[in-house]
Amino acid sequence: MDEITKEKINLEISKIDTLVSKSSLLLTKCKNTEPDFFDLNAAGSILHSFYNGLESIFKLIHKATDGTPLSSTMWHSELFHSIFKETENRKSVLPHDLEEPLKEYLGFRHVFRHSYGYELDWERLNPLFSGMPEIWQKIKKSLIEFIK
């Protein structure tokens with residue numbers, strides 16, 4: 001992988017770090033009180049941004065190592081599954097133990113993009129939002145190891 005791609009990945013990692021850090025205030029608030037409509041929408045937006053940032057990194061890696069275009073209507077899912085597989089050009093990007101938890105974020109991305117904010121359900125959103133800092137640290141560690 002070339003240095004420019006590594007720099008782009010590191011920039012995305014930095015942006016996700018900032019997102020996770022800035023979301024800590026809302027996370028604390030939502031642990032102490034039931035989130036209202038605005039809090040739910042803010043948490044949903046943060047989760048959407050979080051997964052979009054991850055997907056940007058996955059696309060950079062895919063383009064740099066696999067080179068095949070992602071052109072099907074299911075490209076989000078194909079890209080997701082590809083990062084857990086070793087190819088002839090690279091090792092797997094993330095370990096398999098992150099596949100199931102991360103699949104929930106991919107699923108939420110779809111829900112968020114295709115629903116109204118008032119339809120968000122805190123019981124479904126809460127595990128993703130409260131688990132985001134921890135899963136991010138695991139993903140970040142794997143990404144840093146991958147680009148070394």
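Glu55 counts as buried, at 5% relative accessibility. Buried here means under 20% relative accessible area, exposed means over 50%, and partly exposed is in between, with a 1.4 Å probe and protein chains only. This is a predicted model: local features need pLDDT of at least 70, side-chain atom pairs count only at pLDDT 80 or more, and totals for chains, interfaces and linings use all residues. Residues are numbered from 1 along each chain as its sequence is written, and side-chain values use heavy atoms, with hydrogens and water left out.

Glu55 has a partner. Arg109 forms a salt bridge with Glu55, and the closest N and O atoms are 3.9 Å apart. The rule for a salt bridge is a side-chain nitrogen of Lys or Arg within 4 Å of a carboxyl oxygen of Asp or Glu. Arg109 lies in helix H5, residues 99-113, and Glu55 in helix H3, so the pair ties together parts that are 54 residues apart in sequence. Helices are DSSP runs of H or I with at least four residues, numbered from the N terminus. Arg109 is buried too, with a relative accessible area of 7%.

How many salt bridges does this rule give? The count comes to 7.

Here is another one. Lys29 pairs with Asp39, the closest N and O atoms being 3.1 Å apart. That pair links distant parts of the chain: Lys29 is in helix H2, Asp39 in helix H3, 10 residues apart. Asp39 is buried at 9% relative accessible area. Lys29 is partly exposed at 39%.

Now a salt bridge inside one helix. The side chains of Lys103 and Glu100 meet at 3.6 Å, N to O. They are 3 residues apart in helix H5, about one helical turn. Lys103 counts as partly exposed, at 33% relative accessibility.

Next, a charge without a salt bridge. Glu12 sits in helix H1, residues 3-22. Glu12 is buried yet has no salt bridge. What is the nearest side chain of opposite charge to Glu12? Lys15, 4.3 Å away. For charge, Lys and Arg count as positive, Asp and Glu as negative; His and the chain ends are not counted. Leaving aside residues up to four places away in sequence, Glu12 touches Gly53, Ser56, Ile57 and Leu60. Contact means heavy atoms within 4.5 Å.

Let's look at H1 as a whole. The buried residues of H1 are Thr5, Lys6, Ile9, Glu12, Ile13, Ile16 and Val20. Seen down the axis of H1, they fall within an arc of 120°, so they line one face of the helix. That arc is taken over the directions from the helix axis to the C-beta atoms. On the other side of H1, Glu3, Ile4, Glu7 and Lys22 are exposed. The cover over the buried residues of H1 includes helix H2 (24-32), helix H3 (37-65) and helix H6 (122-147).

Last, H2. Leu26, Leu27 and Cys30 are buried in H2. Down the axis of H2, its buried residues fall within an arc of 100°, so they line one face. Those buried residues pack against H3 and H6. Turned away from that buried side are the exposed residues Leu25, Lys31 and Asn32. Leu25 has a relative accessible area of 68%. From Leu25 to Glu100 is 27 Å in space, C-alpha to C-alpha, and 75 residues in sequence.

Technical notes
Helices (H or I, at least four residues) and strands (E, at least two) are DSSP runs, numbered from the N terminus.
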